[in-house]
Amino acid sequence: MSALGTYLLYYFIVISSSIIAWFSNFIRNKEHKKLAKWIFFIAIIIPVLVSGFRYGIGTDYHAYVNMYYNITNNYYGISDAISNTRYEPGWIILNYIVKYVFDDVNYIFVLSALLTWSFSFKAIYDNKDRLSIGIAVLILLCTMYSMSFNIVRQILAVSIIMLSVKPMLDQKKWKFIFTILFASTFHFTAILFLVSYWIINSKTENRRLLKRLFMPVMFIGLVVFFQPITSYLASLGLLSNYSSYGLDAGGFSRSTFFFKLPIVIVMLFSIRNLRLQNNAIHKMSILFYIGVIMLLLSNYSPYLSRLSYFFDVAQIFVISALVKHQKNKYQQFFFVYLIIIYYLGWFTYFYLIVGNGGTIPYQSL
């Protein structure tokens, strides 16, 4: 497919899926709830097909092909692979499912895409009464779709992290913990998100304020201790596949700050509206700020930018909730317009113009 054809394909995926999601909410408001649910999940079909049946697209594509053959050909079975490889158990099991059911490496991309977008869309649908699901899908695809062609395991873990948002906000601690543990079976670093429950849920307003002041400082401190912590875990065999990441002298990432700044400003000045309307999603803004801090400090430790993805998804929920709770239809229309332009611009610049991830031109099987 030509570069222009690829651009049009990706725009079609993002825009059509968002429109389908918006339409499902329109139908739901007309009291057709079962039909609305079916229509909403139909929106994952095109993203899954395009992502799943690609060939050679994404800088990590062939690495995952080699990983599949290494896992399924060089070990006696699942337990042997879990015991003697550096890969996460959930990912190993998924590879063996592909081996036993399809015996075709291409289906590792199909199944991972199906799981990623099923989990993430379900997470949005679970919070449908708190946010605008059409805008949430738009932000999701603009920020995560192209990345899912590369860091497949981590984006799958991120989609499971999204499922933890509702139990976190509803203070269902054990369901939240089990969801995070499940995410960690695809990427061990997902375990870091456990701290979010403590950050989000406070018994008093004073404690909540104290956490908001303390947590950014703590995550800056993470930069200082990142290398010894990962080295220690690697020595235990828990994170041996991440031990190569270390601290390098550097500075703040100015370009990252520039592109994140508009969303930071919007949250700072608008989050009060969600709080006044008792929408619990307002609590998640601190998670997004933490993700931004980690990105800003990524020059000190390159892997911090990867860890920030677990917190970056907070914007999907917060911004789409702000859209839903605008005071009047004219303000809402203007806000939606700006949000659409911003995220489509983000998608265009990073993934189509700069070409992050090597997803252009697209080629299918």
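Predicted model: local features only at pLDDT ≥ 70, side-chain atom pairs only at ≥ 80, totals over all residues.
Visitor: How many of the residues of H8 are buried?

Guide: Burial is read from relative accessible area, with under 20% counting as buried. By that cut-off 12 of the 12 residues of H8 are buried, so the helix is largely enclosed by the rest of the structure. Among them are Ile133, Gly134, Leu138, Cys142 and Met144. The neighbours against which these buried residues pack are helices H1 (3–29), H2 (33–42), H7, H9, H18 (314–324) and H19 (329–353).

Visitor: Where do the buried residues of H4 fall when the helix is seen down its axis?

Guide: One begins with the list of buried residues, which for H4 is Tyr61, Tyr64, Val65, Met67, Tyr68, Ile71 and Thr72. Seen down the axis of H4, these residues fall within an arc of 160 degrees, so they line one face of the helix. They pack against H5 (78–84), H6 (89–101), H7 (106–126) and H9 (152–163).

Visitor: How many salt bridges does the count come to, and which residue meets Arg153 in one of them?

Guide: The rule asks for a side-chain nitrogen of Lys or Arg within 4 Å of a carboxyl oxygen of Asp or Glu, and by it the count comes to 7 salt bridges. In one of them the side chain of Arg153 meets that of Glu88, at 2.6 Å from N to O. This pair links distant parts of the chain, with Arg153 in helix H9 and Glu88 in the loop between H5 and H6, 65 residues apart. Both Arg153 and Glu88 are buried.

Visitor: What separates Lys122 and Asp126 in helix H7?

Guide: Lys122 and Asp126 are 4 residues apart in H7, and are therefore separated by about one helical turn. Their closest N and O atoms are 3.1 Å apart in a salt bridge. Lys122 is partly exposed at 39% relative accessibility, and Asp126 is partly exposed at 23%.

Visitor: Which residues are joined with Arg130 into one network?

Guide: Arg130 forms a salt bridge with Asp170, the closest N and O atoms lying 2.9 Å apart. Salt bridges that share partners join Arg130, Lys166 and Asp170 into one network.

Note on methods: Residues numbered from 1 in each chain as written. Heavy atoms only, no water. Buried < 20%, exposed > 50% of the residue type's maximum accessible area, 1.4 Å probe, protein only. Helix = DSSP H or I, 4+ residues; strand = E, 2+ residues; numbered from the N terminus. Arc of directions from axis to C-beta. Contact = heavy atoms within 4.5 Å.
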